[in-house]
Amino acid sequence: MIELMHQPFNGHLGDQLIELLGSAEYDTFTIAVAFAKSSGVLRVKEALEKFRASGGKVYVYVGIDLGVTSYEALTALQLCTDSLSVVHAEKSQTFHTKVYQLLGKKKGIIVVGSHNLTGGGLWSNFESSAHIPVDTSKDSDLEILKVQDDYFKSLESLQDSFKKLDSKKDIEVLLEGGYISKEVTQRVNSFKRTVKSKKGERLFGNGISVKVPRVGIQNRQNQEDTANAKKEQVAELLSEHSEILWFETRKLTGGSRNILDLSKKSLVEKGDPSGTPFELDEANFMRGAVEFFGINPENTHIRKDITLNFEGIDFSENTILYPEGDKANGTWRLQIKGVSSTGTPITDYFRTKGEDNYLVNKVVTFTKITEDYYEISVFSNSELEDFKEVSSITARNGRNNRAKYLGLF
């Protein structure tokens with residue numbers, strides 16, 4: 001029987017897809033969606049990886065219209081699918097399909113609706129879909145499957161409007177051509193366009209509070225601070241508009257120039273941290289950048305490992321600590337030294353970008369997925385003024401106006 005889902009009132013498609021992928025009843029998963037963002041991809045990535053590890057195949061078709069699908073989403077998808085393709089027409093014709101199909105030897109399910117492969121589309125947005133079960137022993141259901149299969153074949157027959165992404169280079173070409181962009185760039189451009197244009201009295205409410213699931217990264221820190229535990233609960237509510245913190249790097253420290261200072265206290269230059277976790281009862285100052293990573297700046301005995309996702313790859317065991325003894329400089333540090341599941345250090349991966357010290361004189365952003373899982377992106381220092389302009393809070397990563405800049409979106 002066909003079922004209707006009206007998210008978030010009677011379910012969340014993301015939860016259902018994760019459950020179906022883990023059921024062992026299906027061996028093929030095909031997705032055709034208009035848009036994909038890392039907020040959706042990273043939350044289903046573990047389920048996709050387990051599905052493929054058990055012999056399943058994953059095929060994805062994504063639209064790149066309207067500047068929504070991101071570079072980060074495509075790089076992550078390429079690593080957890082068997083085939084990734086994009087659909088785009090140069091004329092004003094939008095690829096707006098949203099179909100999810102799971103097939104096994106005896107049965108399948110086709111979801112047709114409004115859900116994109118984003119955190120909002122799979123969990124927090126108002127979305128609707130029809131969930132169509134199919135029985136491979138019934139001729140009528142086989143006809144439905146044929147219609148759906150013909151649709152996927154039609155996409156692949158679009159010639160120049162269809163491109164299979166066989167390598168990361170293919171995604172880089174889309175980025176360089178302006179067909180996709182990084183998610184932080186999308187956020188910056190959006191802020192610059194709107195310039196806080198909504199003024200006056202608010203006419204609508206905030207909708208429905210929805211929990212977006214945590215990504216399956218294990219928390220390695222033994223939390224002692226109940227305030228930090230509460231922050232983890234808040235992190236579960238993150239959806240499309242995740243928290244973003246950015247840093248001006250300048251020279252950095254460490255042999256690989258991979259150690260980023262995280263201040264205990266920051267001098268505020270723009271914005272008001274009141275009512276945020278950064279609020280500090282001291283004029284012109286806010287709690288330091290380490291607060292963003294779920295650590296009380298004053299709890300200097302804490303040591304925490306976080307996972308950084310860079311260009312679709314998870315690098316674990318990046319350490320946040322407060323040095324003591326001869327190495328102490330009165331500030332927290334993030335050692336960007338994580339290692340991938342294949343044993344590749346993130347510093348080695350940075351070197352493949354063509355620079356010995358890739359992070360030097362850049363702007364580095366961290367997008368929070370959970371309290372111990374973040375997406376990291378790197379931008380040219382020439383974009384610093386744009387970052388300062390659109391940030392809700394701009395501050396110095398320290399106590400004086402000579403310290404490096406940081407900001408919050």
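Modeller: Gladly! Let's start with a residue pair: Thr28 stands opposite Lys57 in β3. Keep in mind that this is a predicted model.

Colleague: What makes β2 and β3 count as paired strands?

Modeller: Pairing needs at least two bridges, and β2 (residues 28-33) and β3 (residues 57-63) have six, in the parallel sense. They therefore count as paired.

Colleague: Why are β1 and β8 called edge strands?

Modeller: The open sheet has eight strands in the order β1-β7-β6-β5-β2-β3-β4-β8, with mixed pairing. β1 (3-7) and β8 (162-164) each have a single partner strand, so one side of each is left without a neighbour in the sheet. On average, neighbouring strands of this sheet are turned by 15° against each other, direction ignored.

Colleague: And which strands does α2 touch?

Modeller: α2 packs on the sheet, touching β2 and β3, and its direction makes about 140° with that of β3.

Colleague: Why is α2 described as roughly parallel to α3?

Modeller: The axes of α2 (residues 38-53) and α3 (residues 71-79) cross at roughly 5° and come within 9 Å. Angles under 35 degrees count as roughly parallel, so α2 is roughly parallel to α3. By class, their contact has six nonpolar, one polar and two charged residues.

Colleague: What makes Glu72 and Arg52 part of that contact?

Modeller: Contact means heavy atoms within 4.5 Å. Ser38, Val41, Leu42 and Arg52 in α2 meet Glu72, Ala73, Ala76, Leu77 and Leu79 in α3, so Glu72 and Arg52 belong to the contact.

Note on methods
Residues numbered from 1 in each chain as written. Predicted model: local features only at pLDDT ≥ 70, side-chain atom pairs only at ≥ 80, totals over all residues. Heavy atoms only, no water. Axes fitted to C-alpha atoms, helices over the stretch in contact; angles between N-to-C directions. Helix = DSSP H or I, 4+ residues; strand = E, 2+ residues; numbered from the N terminus. Parallel < 35°, antiparallel > 145°, perpendicular 65-115°, else oblique. Nonpolar A, V, L, I, M, F, W, Y, C, P; charged D, E, K, R; others polar.
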